[in-house]
Amino acid sequence: MALIDILTSVALAATATVTASISPAQTSTPAFRPFGVSQDALPSALGCKPIYGNQPDTTGQYSCNSLPDGNDLYDQYVLAYVSGMGICNVVAVSRYIDDDQRGTTTRQVYKEAASLLASQFGPADEKIDHVAASKFGKDGMFKEAVIAQERQIFEQWDNLSTKFQNAQSASVTISGSEDAGLAVYSILRFAHNDACLSNLEQQTGLSGDEAE
């Protein structure tokens, strides 16, 4: 499955977003720098390569093997970037795991990723483990259900603008494909994320992490 398809399925598992604005009272809060990335950073300056095409620092999606404050949980980072607006969000992707049907290893990675976000943002505002059909609710079918998008599991942190400048929300979820296996995705969104992704889609036809 192509990366953009995975990102789209991840977005569908965590569609709730909160549009944040920066008020004068919030200017004393620390700057939001997910994995050490500032909103106005250029992808090329971070060593990130365009996923489509070969023009650096133009509107599109960028893949990075590392970031200034990256974490060993993740093998890859994907930036959604709009020229003139900056970075929309940072998506951190764990290694893909050829896991057992219970998703034993993946669920442990998920737990660690959720703990990492909770250490930065506090308790999650939402914790969802939704099964579309009861037959997919068995733990022995976890891998199959996630790949089939019959089971959605994620945690979300909203209203991050109360803690950080230029922040909107963050979430962590599990996605996967038949070929690649399961992976954990952590998504950290800047405050202008919604408008930024709308611009990205208009310019490129891509939907970033936020296919609604």
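The model is predicted. The protein comprises four helices and eight strands, arranged from the N terminus in the order α-β-β-β-β-α-β-α-β-β-β-α. Of its 212 residues, 50% are buried. Among contacts between residues at least 6 apart in sequence, 62% join residues at least 24 apart.

**Strand β8 and its partners**

- Strand β8 spans residues 181-190 and is mostly covered, with ten of its ten residues buried.
- One of its partners is strand β7 (residues 167-177), which runs antiparallel to β8 and is joined to it by ten bridges.
- Strands β7 and β8 form a hairpin, and three residues lie between them.
- Within this pairing, Y185 of β8 stands opposite T173.
- Strand β4 (residues 86-94) also pairs with β8 in the antiparallel sense, here over five bridges.
- A92 has S186 in β8 as its bridge partner.

- N89 belongs to strand β4.
- The relative accessible area of N89 is 1%, so this residue counts as buried.
- A polar contact of 2.9 Å connects the side chain of N89 with the side chain of N193.

**Aromatic residues**

- A pair of aromatic rings is described by the distance of the centres and the angle of the planes.
- Eight aromatic pairs are present in the structure.
- In the pair formed by F121 and F164, the ring centres are 5.8 Å apart and the planes stand at 90°, which means that the arrangement is edge-to-face.
- F121 is located in helix α2 (residues 104-121) and F164 in the loop between β6 (151-157) and β7, so their pairing ties together parts that are 43 residues apart in sequence.
- F121 and F164 are both buried.
- These two residues belong to one aromatic cluster, formed by F32, F121, F164 and F190.
- A charged side chain also meets an aromatic ring: R107 lies over the face of F142, at 4.3 Å from the ring centre.

- Side chains of opposite charge can pair when their charged atoms come close.
- The whole structure contains four salt bridges.
- One of them joins K143 to D98, with the closest N and O atoms 3.3 Å apart.
- This pair links distant parts of the chain, since K143 is in helix α3 (residues 142-147) and D98 is in the loop between β4 and α2, 45 residues apart.

- R151 forms a salt bridge with D129, in which the closest N and O atoms are 2.9 Å apart.
- The pair connects distant parts of the chain, with R151 in strand β6 and D129 in strand β5 (residues 126-131), 22 residues apart.
- R151 has a relative accessible area of 6% and is therefore buried, while D129, at 41% relative accessibility, counts as partly exposed.
- R151 also meets D139 in a salt bridge, at 3.6 Å from N to O.
- Because R151 lies in strand β6 and D139 in the loop between β5 and α3, this pair ties together parts that are twelve residues apart in sequence.
- D139 has a relative accessibility of 33% and so counts as partly exposed.
- Through shared partners, salt bridges join R107, D129, D139 and R151 into one network.

Notes:
Residues numbered from 1 in each chain as written. Predicted model: local features only at pLDDT ≥ 70, side-chain atom pairs only at ≥ 80, totals over all residues. Heavy atoms only, no water. Buried < 20%, exposed > 50% of the residue type's maximum accessible area, 1.4 Å probe, protein only. Helix = DSSP H or I, 4+ residues; strand = E, 2+ residues; numbered from the N terminus. Pairing = 2+ DSSP bridges. Polar contact = N/O pair within 3.5 Å; in protein donor to acceptor, adjacent residues only side chain to side chain. Phe/Tyr/Trp six-rings, centres within 6.5 Å; stacked < 30°, edge-to-face > 60°. Lys NZ or Arg CZ within 6 Å of the ring centre and 35° of its normal. Salt bridge = Lys/Arg side-chain N within 4 Å of Asp/Glu carboxyl O. Contact = heavy atoms within 4.5 Å.
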